[in-house]
Amino acid sequence: MSDHVNAEQLWSKPPVIENRWLRWGITLVVLVYAFFAIRSFEIDIPRIIIGLDRGYDMLLAFLRPDFVARQTHIVRGVLESVAMTATATLLGGILSIPLSFGAARNLSPLPVYLVCRSILMIVRSLHVVVLAILFVVMVGFGPFAGAVTLGFNSIGFLGKLLAEDIENTNEESMEAVRATGGSWLQVVIYAVWPQVVTRFIGLSIYRLDINFRQSTVIGLVGAGGIGAVLDTAMGRYDYNTAAAILIVIIAIVLAGEYVSSSIRRRLT
Amino acid sequence: MLEISGLVKRYPSGPQALRGVDLTVKTGELVALIGTSGAGKSTLVRCINRLVEPTEGKIRLDGTELTALDHRELRHARRNMGMIFQEYALVDRLSVMENVLSGRLGYVGVWKSAMRRFPPEDVRRALELLERVGLREYVDTRADQLSGGQRQRVGIARALEQQPALLLVDEPTSSLDPKTARQIMRLIVELVKERGLSMLINIHDVNLATMFTERIVGLQDGKIVFEGTPEELNEEALTKIYGEEDWHAESRSAQAETADNGNGEKSDEHVPLNTAEPGR
Amino acid sequence: MPVVQKDGVSNWIRRDPKDSMRNYLKWLGGAIVVLIAARYIGAQTIWGFVLDAPAQAADFVSRSVPPDITYFRRVLPALWDTVNIAVFGTAGAVVVAIPTALLAARNTTPHSSLRALALTIIVVSRSVNSLIWALLIVQVVGPGLFAGVLAIGIRSVGMISKLMYESIEEINREPIEAISATGAGRTQVFLYGYVPQLLPVFVGVTVYRWEVNIRESTIIGIVGGGGVGFLLNSAINRLAWDQALVVLIAILATVVLAESISAKVRAAVT
Ligand SMILES: Nc1ncnc2c1ncn2[C@@H]1O[C@H](COP(=O)(O)OP(=O)(O)O)[C@@H](O)[C@H]1O
Ligand SMILES: [Mg+2]
């Protein structure tokens, strides 16, 4: 065998982008973009070095979280978050049902469908924090704004997924009920609802879990809950309490995730 | 060349899969391993290259005790054993050529293999093998674009690209239609004979076993219950291996096919190997 | 739906009594929790504000139209910053997430203690919202884009590694065995067996996270993380609803665009 032949002449892996100019062009564009983007971050090294002291304090505080000093505030924050979560999930769950029936193409006439779909789309496109800001301005600081925010957010989520489930229901059983002379409402109650109710309960429990996570953050903009307590602690540079709150949040989020996923596993 | 003695495998869960197997494969010998599913055929074959760790027993390949090797030595020993799998075991997102070249990984450095820079003779051999199995035009095709038969051809090329002394084959045709199965079996046997390799092959199809190999070993519930030539595989032997059934048709056709095979292949059955089947 | 034998006659009932009792109690318990929760919230609510809300909302709407188009001149640079936060937050997170995922997956971790460490990192990172991370980080590195990048990045590490390590644990073992059977070393088995299988999943996960991060980075400015969220907050604080509407429209457009890009890329890699 002649080893003078280069292996590449026999075979080499074809490049992902065939055209050489295009390949180099893309690389160049990416590099130029990275350069300007990183420059725009204006990373202020001296400021960060000063800040590192504070970062170190924060780290130490995490090793010595203080659950006691602001105990009543923490407990109240958690209860508030839980209360917001519970009411919002119920509210969102109930309101999402008619909307989802309206947004299911196989149940609703086109105009109703379009209106319901648009409502769901607009609600879904607004970030929960943006919603919270709007509701805080409207109804004032506190958990009421939070509950309404989470409720709205849940409507978007549950409504869209439930509508998709309804659209995927078995046509035949709907036909069967219609064939017996059933009205629209009877079709919904006897043919559609039984097919989606388990999924709906599963989704609601999942949403309960999401709502709790969200409830920890909307407090930062004044919508009550544990987030508001955290915001206050950080504002006072009380890192030991902040650490305690973060640990509480992580614990509850994990517990919620565990409970919600095990219930949902049992449902199916 | 391959001597197995007292091989026992106990999976942590479940019953004993192998209960003391003794088996020898001589250089250039083709041995078929038959038995019901769950008899322990795959376990036996996988114990040899230690994809499954044996519980007890000795496995010697050309004088090397395989069960005693450490990780590094095992890698060395594995280079001499090619393996062909039932479900092909190709890396779907790599091209045909990359899959075949992966047979040389035991010989090429990490960096070179990462950059796909294999020695010219490896690339040349891979191209020859692909020509031979009828996939020359599919060199840069992704493996998941091929049909079942084509995929197994790539698996065969990968195993032979290793230049092994022993070929371990685990149900190479079970996922294929009968016609393709025969073509694949014939291809494997031809390539093995050309190169004078030894082969240990699992098949559940008794006909294929008797058609293509010289020695048959029947495994039942982790023990060898039959050893002999295809001619000796009579009704009684089949009952021992597979249990009470009417084996009339099988053993008669097995005998007929063996005779037929002895006279060379019938021309009307011969399908040119370099004609690849249409892709999926 | 059990069939009950009673006096030699099978009887069909919807649920057996014990089951229906338990079911009833479950719903009752739920209702009580919600009632208590609602009372609790109601007690802290100033109903005067709430009753005034519809009037307020109508006021916002009337003040927000026509939107102040000229404000786009400030919004566009902020949007550019927002996109950069998402891109670099995601990119940085991926660099950390890949090794974390490899340590966290049962079949690739070198040691169970490293696995525990990786899982802890993942849990802490993803249980805390990026806005909360921003709150902490701003105090260390000061407000601005860099704080936003870090906050988005830290949260994404957990989110990305979780999806990645789950996909590593679900990997197809067969090709990996085949590569090992050729006598390949550990690194080679990784490069030839794992990488090709995982790469498309990893790209998909990353692009999906980038899409989510675009959304997150539109609001990270609210707590000092830079980007378009800062403008939204300040417009609302100044009650400049015509400007707030412009920001909202810009956010909406960016998010929709990011969604469609992400969907296209993910469809292409799988
Ligand atoms: N990875 C494994 N873990 C536990 N038991 C196994 C495993 N692989 C095979 N077995 C068991 O070992 C026995 C032999 O299996 P196998 O070698 O696959 O048989 P065959 O290839 O002849 O069908 C069977 O009872 C099977 O259930
Ligand atoms: Mg098997």
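At 16% relative accessibility, Val177(A) counts as buried, where buried means under 20% relative accessible area, exposed over 50%, and partly exposed in between (1.4 Å probe, protein chains only). The structure is a predicted model, in which local features need pLDDT of at least 70 and side-chain atom pairs count only at pLDDT 80 or more, while totals for chains, interfaces and linings use all residues. Residues are numbered from 1 along each chain as its sequence is written, chains are lettered from A and ligands numbered from 1 in the order in which they are written, and side-chain values use heavy atoms, with hydrogens and water left out.

Val177(A) sits in helix H8 (residues 171–179) of chain A; helices (H or I, at least four residues) and strands (E, at least two) are DSSP runs, numbered from the N terminus. Leaving out residues up to four places away in sequence, Val177(A) touches Gly182(A), Gln186(A), Val187(A), Tyr190(A) and Ala191(A), a contact being heavy atoms within 4.5 Å.

Chain B contains 10 helices and 10 strands, and 55% of its 280 residues are buried. Of the contacts in chain B between residues at least 6 apart in sequence, 71% join residues at least 24 apart. The accessible surface of this chain is about 11,700 Å², and 46% of it belongs to carbon and sulfur atoms; such areas come from the Shrake-Rupley method with a 1.4 Å probe, and for residues only the protein chains shown count as cover. Arg125(B), in helix H5 (residues 120–132), is buried at a relative accessible area of 12%. Beyond its neighbours within four places in sequence, Arg125(B) is in contact with Arg104(B), Glu161(B) and Gln163(B).

An oxygen atom of ligand 1 is 2.4 Å from an N or O atom in the side chain of Thr43(B), and an oxygen atom of the ligand is 3.0 Å from a polar backbone atom of Gly40(B). The protein buries 61% of the 560 Å² that ligand 1 exposes when taken alone.

A few backbone details deserve a look. Most residues other than glycine have a negative phi, and most peptide bonds are trans. Asp62(B), however, has a positive phi of about 50°; this residue lies in the loop between strand E4 (56–61) and strand E5 (64–65) of chain B and is exposed, with a relative accessible area of 52%. Asp221(B) also has a positive phi, near 50°, and is found in the loop between strand E9 (215–220) and strand E10 (223–228). At 40% relative accessibility, Asp221(B) is partly exposed.

In chain C, a cis peptide bond joins Val65(C) and Pro66(C), with omega about -5°. Pro66(C) is in the loop between helix H2 (47–64) and helix H3 (72–104).

How values were computed:
A polar contact is a pair of N or O atoms within 3.5 Å; within protein, one must be able to donate a hydrogen and the other to accept it, and residues adjacent in sequence count only if both atoms are side-chain atoms.
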